[in-house]
Amino acid sequence: MLEWLAALCFVILAVLIWPGSKYFGTVSQTDALLQGLGISQQAAKDMDGVQPACAGAGTGDVKARTVALICKPSALANYLLKHCRTFSDYSPCVGWTWRASAFLQSVYEACWPYDSPVQFVRDNLQLSDEGLVALDWAVPSYQKRRRTSSHSTSPVLLIIPNSFGKITRNVLKLCEMALSHGYLPAVFNRRSHNGTPLTTLKLQQFGDPADLREAVRYIRYRQPAGRLYAVSESSGSGLLLSYLGECGSSSYVTAAVCLSPLFRCQSWFENGLCWPLQWALVLYQKICLSRYKTALGETIQTDALFSSCSLRVLEESLFCQTGPAAPTGPGASGGASGAWDAYWERNEPLRDVDEVAIPVLSVCAQDDPIRGDTQSTVPLELFETNPHFFLLLTDRGGHCGFSTQPEGSAAGAAGAVGSAAVPSSGVGSGGVNWSHKALLEFFRATTDFFAAEERAKQLAARRRGLGGGAGGRAFRHRSVSTCKRMPACSHNIHAIYNWQRSYTR
């Protein structure tokens, strides 16, 4: 009872004080961060001009500027600055309103229910080790035909929710908006998450992409003609970045976006959150795992698991036990501490970041209460040196919040992504999230850029082929050797997947 009373007092204090204090300190915090990155205010003012440091994206007025694009200079970066107008069209809620509070809008997006007009058709995929994961395909409620044809060329949007398995308002609204732009959204559910049965004693580790790899193969088998895009939310970005790093150019993904990602996950687990948030997340995981308490007792110490009070102790209890009664927590022995470090050597999201071969956009807010301080939790050097990574950094937005002012929330909902729209009676009738508009525009821009590059290469090759006869005579006297390469993972395309179809709302 005392905990609930303290939580209520904390919320009331945040409502009364936090919005105003954050409002008056926003500009100075942003300018200090940009100056730390070596970005001048003049560079941030000029949106339309191509920046030599590719570090500024904002409006003409310094006080109104709320977004910065941080990346390495490249042709793709210049194209994004020119064609992604949504990047500079962010008008966050300010003043004395609860939506101006990063904490409150983050809790609202994570916990408040959302009456979505979208329904889901579930595919339970049986993996090679007899485990089960699920893909929930989003369909509008008015659509009579529940399945799309395998010959459909509509792009597939693979959505990876947070690592705790909670389907939030953010995910539901993203499915709704993706459908309105012609995408086929599919939500990936890990083992035991969101009603997925746990058929083995193995749970998916934080950054183990093996299950996701098999799910992507199934998507390619089911929709071979459509492009594949990926979006991750919060801690689910650890799984997406791990997959992109391990698979490299064989990921089958055209482009990816991470919404409010966690980059340095080991330190995030070790440092912990403020006690109300950490208590809520630990309690939610315990409730989800309590269903399998008897079965999990064969491999882990359930007493330590269900008595844990922090995210680190709970994660250690699940994956880092070295013996039948191994201690866990910060005060554990050296063996348990070594197991914890070894666990993150295999699961840290950025362990293979140099192998990522597709454009990846990260959308972050400086006032994110879950991730923490920007300069210590965001690897800014990665975005400044790696041409595949782009950081869209906002002053405000919280954690997967990015609430906008009412007058600008409805504008641009029908922005061009180059797809067919659905009737206005169903999907797309709710408010539009700015981060969702930004990621769809990012997908469109990157697709158009690569298409233009491919056309330019074909035109150049055609011109070289029509080049003079001397080159042809010289070519006839050469011996050309060719080698046949099997496409990556092609031997797994014909694997047998057993799935059950059911309808959930």
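How many of the twelve residues of H6 are buried? Twelve of the twelve are, so H6 is largely enclosed by the rest of the structure. Buried means under 20% relative accessible area, exposed over 50%, and partly exposed in between (1.4 Å probe, protein chains only). This is a predicted model, in which local features need pLDDT of at least 70, side-chain atom pairs count only at pLDDT 80 or more, and totals for chains, interfaces and linings use all residues. Residues are numbered from 1 along each chain as its sequence is written, and side-chain values use heavy atoms, with hydrogens and water left out.

**Helix H6**

- H6 covers residues 169-180. Helices (H or I, at least four residues) and strands (E, at least two) are DSSP runs, numbered from the N terminus.
- From first C-alpha to last, H6 reaches 17 Å, close to the 16 Å expected at 1.5 Å a residue. The expected span is 1.5 Å times one less than the number of residues.
- Gly182 follows H6 and has a positive phi, near 90°.

**Around Asn433**

- Asn433 lies in the loop between helix H17 (406-409) and helix H18 (434-465).
- Asn433 is buried, with a relative accessible area of 4%.
- Leaving aside residues up to four places away in sequence, Asn433 touches Asn170, Cys400, Gly401 and Phe402. Contact means heavy atoms within 4.5 Å.

**Aromatic pairs**

- The count is 22 aromatic pairs. Rings of Phe, Tyr and Trp (its six-membered ring) pair if their centres lie within 6.5 Å; planes under 30 degrees apart count as stacked, over 60 as edge-to-face and the rest as tilted.
- Tyr229 and Phe443 have ring centres 4.7 Å apart and planes at 40°, so they form a tilted pair.
- This pair links distant parts of the chain: Tyr229 is in strand E6 (residues 228-233) and Phe443 in helix H18, 214 residues apart.
- Tyr229 is buried at 3%, and Phe443 is buried at 0%.
- Tyr343 and Trp344 are edge-to-face, because their planes stand at 80°, with centres 5.2 Å apart.
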